[in-house]
Amino acid sequence: MKIGFIGLGNMAAAIIGGLLESGIATPADIVGSAKTPETRARMQERFGIDASLSNVEVANAADVLILAVKPVFFPQVIDEIATSTANDKLVVSIAAGLTCQRIEELFGHPVRLVRCMPNTPALVGAGCTAVCAGPNAQPDDEALCLQLMGSFGRAIAIPERLMDAEGAVGGSSPAFAFMFVEALADGAVAAGMPRAQAYEFAAQSLLGSAKLVLESGKHPGELKDMVCSPGGTTIEGVRVLEEAGFRGAIMDAIDACVQKSKQL
């Protein structure tokens, strides 16, 4: 199976790294194209893949074609490769906001299409990717994409109507988590802790908390209650966050992301 990438940015690099590290693919199985010779050379050196091809050559060579360019470039790229996808190859989009219907409109013909939405923690093998099969996808296409995207974290199949919500809670939320880590560290620095240690404590605590949610099967509220001793320090902090509208602000942020995604 030849896997082609049009676009070789950070997310493509994360996917390629996962595919190679998991053994799903070898460098000889992967081809790619990028706008600049510097990017192509960097990817060839880093992964040993053939990144010297044009968009059309990649589309012609690939059995699975991953469109890893920004949504604004989809019309230009698809216009270039539309005739190369008429032989029923699998096309995978990782663009936010572009529906299966819109992508097929750009191609001008039915496409064997799967939408995937990975997030930036994929860069360290801890991604969370939504997978949604288009109307013309074959029965095994979703399972194949779950395997490919699961090589660098978790991959979860969802219906397309939930993709905007997933883009918010999966795609945008790492930015909110980074803000939370920074704020936790700022508070620790204010209490006298060196900043490097503050970032380490904050980040590891969030990592461990997320792992506990995923592996314990317990409700997040129950896990929160386990930390809050009667009359203790944690419940006092929880009270301050609740008074500041912590949960409501996060819910509003997710809703803002969803609404923006619907406008793309």
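The side chains of serine 33 and asparagine 55 are joined by a polar contact of 2.6 Å. That comes from a predicted model, so-called local detail included. Serine 33 is part of strand 2, which covers residues 30-33. With a relative accessibility of 2%, serine 33 counts as buried, because buried means under 20%. Leaving out residues up to four places away in sequence, serine 33 touches Phe5, Ile6, Gly7, Leu8, Leu53, Ser54, Asn55 and Val58.

Phe5 and Ile66 have the most contacts inside the largest nonpolar core, which has 33 residues. Among the elements giving two or more residues to this core are strand 1 (3-6), strand 3 (64-67) and helix 6 (141-149). Helix 1 supplies the largest share, seven residues. As for isoleucine 66, its contacts beyond four places in sequence are Ile3, Gly4, Phe5, Ile6, Ile15, Val92 and Ile94. Another core, of 22 residues, lies apart from the largest one and includes Ala62, Leu67, Ala95 and Ile103.

Now for the open space. The second largest pocket holds about 1,100 Å³. Of its 41 lining residues, Met11, Ala68, Val69, Lys70 and Pro71 are the closest to the centre. Helix 7 (163-190) is among the elements that give two or more residues to the lining, and helix 7 gives the most, with six residues. Here is how the lining divides:

| Lining residue class | Number |
|---|---|
| Nonpolar | 19 residues |
| Polar | 15 residues |

Notes. Residues are numbered from 1 along each chain as its sequence is written. This is a predicted model: local features need pLDDT of at least 70, side-chain atom pairs count only at pLDDT 80 or more; totals for chains, interfaces and linings use all residues. Side-chain values use heavy atoms; hydrogens and water are left out. Helices (H or I, at least four residues) and strands (E, at least two) are DSSP runs, numbered from the N terminus. Buried means under 20% relative accessible area, exposed over 50%, partly exposed in between (1.4 Å probe, protein chains only). A polar contact is a pair of N or O atoms within 3.5 Å; within protein, one must be able to donate a hydrogen and the other to accept it, and residues adjacent in sequence count only if both atoms are side-chain atoms. Contact means heavy atoms within 4.5 Å. On a 1 Å grid over the protein atoms alone, a cavity is a set of points where a 1.4 Å probe fits but cannot get out, and a pocket is an open set with protein on both sides within 12 Å along at least five of seven lines; lining residues have an atom within 4 Å of a point. Grid points are joined across faces, edges and corners, and a volume is the space filled by probe spheres set on the points. Ala, Val, Leu, Ile, Met, Phe, Trp, Tyr, Cys and Pro count as nonpolar, Asp, Glu, Lys and Arg as charged, and the others, Gly among them, as polar. A nonpolar core is a set of buried Ala, Val, Leu, Ile, Met, Phe, Trp, Tyr and Cys residues joined through side-chain atoms within 4.5 Å.
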